[in-house]
Amino acid sequence: MAGRQADRRGRALFNLAPETPADWWEVEALYDLCFAPGREALSSYRLRDDVDPVVGLSTTARDGDGILAGAIRFWPVHVGSHDALLLGPVAVHPTRQGEGLGGLLISHSLDLARAQGWARALLVGDAPYYGRFGFDRLEGVEMPPPTNPDRVLGIALAPEGWSGVTGRVRRWTDPG
């Protein structure tokens, strides 16, 4: 499902579309530009190793000239015995920051996740920023160390999506 954000005159500002295999390296270059070297050493990346992003949720945002302005990815994980989405990374090109594109990517892709039937999503991030999208600190959910537990946030995508869900966050392919 693709979408467009338009200005007051109806001109397209950004075209949102599912990430395709052809977008992979361009998105990776954007992440390299936006995040510190060594980003792949973070513990959340161990949950992504050898796991494909969720089809239809990982989204690109391109401007009217087709230039990549932002991207977001989602990965399937297990929390205890439950399935969940791991949001991240989300990045906006430095020349496009401050235009609301990060928020647009997050809101749009969470709507897609709900439509796909996912009950919950989590991330490691700043509560003041992600709180405005409905993310709250998760109690009893353990990301791989050395993750700061105060930065483990979740959102229910279905009623009671996090009710009774606790335990270690594991790779999608790891056995219970």
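## Exercises on strand β4 and the cores

Strands β4 and β5 run antiparallel and are joined by nine bridges. Strands and helices here are DSSP runs numbered from the N terminus (strands: E, at least two residues; helices: H or I, at least four), and two strands pair if DSSP finds at least two bridges between them. The model is predicted, so local features need pLDDT of at least 70 and side-chain atom pairs count only at pLDDT 80 or more, while totals for chains, interfaces and linings use all residues. Residues are numbered from 1 along each chain as its sequence is written, and side-chain values use heavy atoms, with hydrogens and water left out.

**Exercise 1.** Work out how β3 (residues 59–62) meets β4.

*Solution.* First, the direction: the two strands run antiparallel, with four bridges. Next, a pair to look up: threonine 59 is bridged to isoleucine 72 in β4. Last, the hairpin: five residues separate the strands, and glycine 66 has a positive phi near 85°.

**Exercise 2.** Trace the pairings of β10 (residues 167–171) with β4 and with β8 (residues 141–142).

*Solution.* Begin with β4, which runs antiparallel to β10 and is joined to it by three bridges; here histidine 78 stands opposite arginine 170. Continue to β8, which pairs with β10 in the parallel sense over two bridges; glutamate 142 has arginine 168 as its partner in β10. Finally, check burial (buried: under 20% relative accessible area; exposed: over 50%; partly exposed in between; 1.4 Å probe, protein chains only). Four of the five residues of β10 are buried, so the strand is largely enclosed by the rest of the structure. For β4, twelve of its twelve residues are buried.

**Exercise 3.** Which residues have the most contacts inside the largest nonpolar core, and which element gives the most to this core?

*Solution.* A nonpolar core is a set of buried Ala, Val, Leu, Ile, Met, Phe, Trp, Tyr and Cys residues joined through side-chain atoms within 4.5 Å. The largest has 27 residues, and Leu85, Leu110 and Phe135 have the most contacts inside it. Elements giving two or more residues include β4 (68–79), β5 (82–92) and α3 (101–116). The most come from α3, with six residues.
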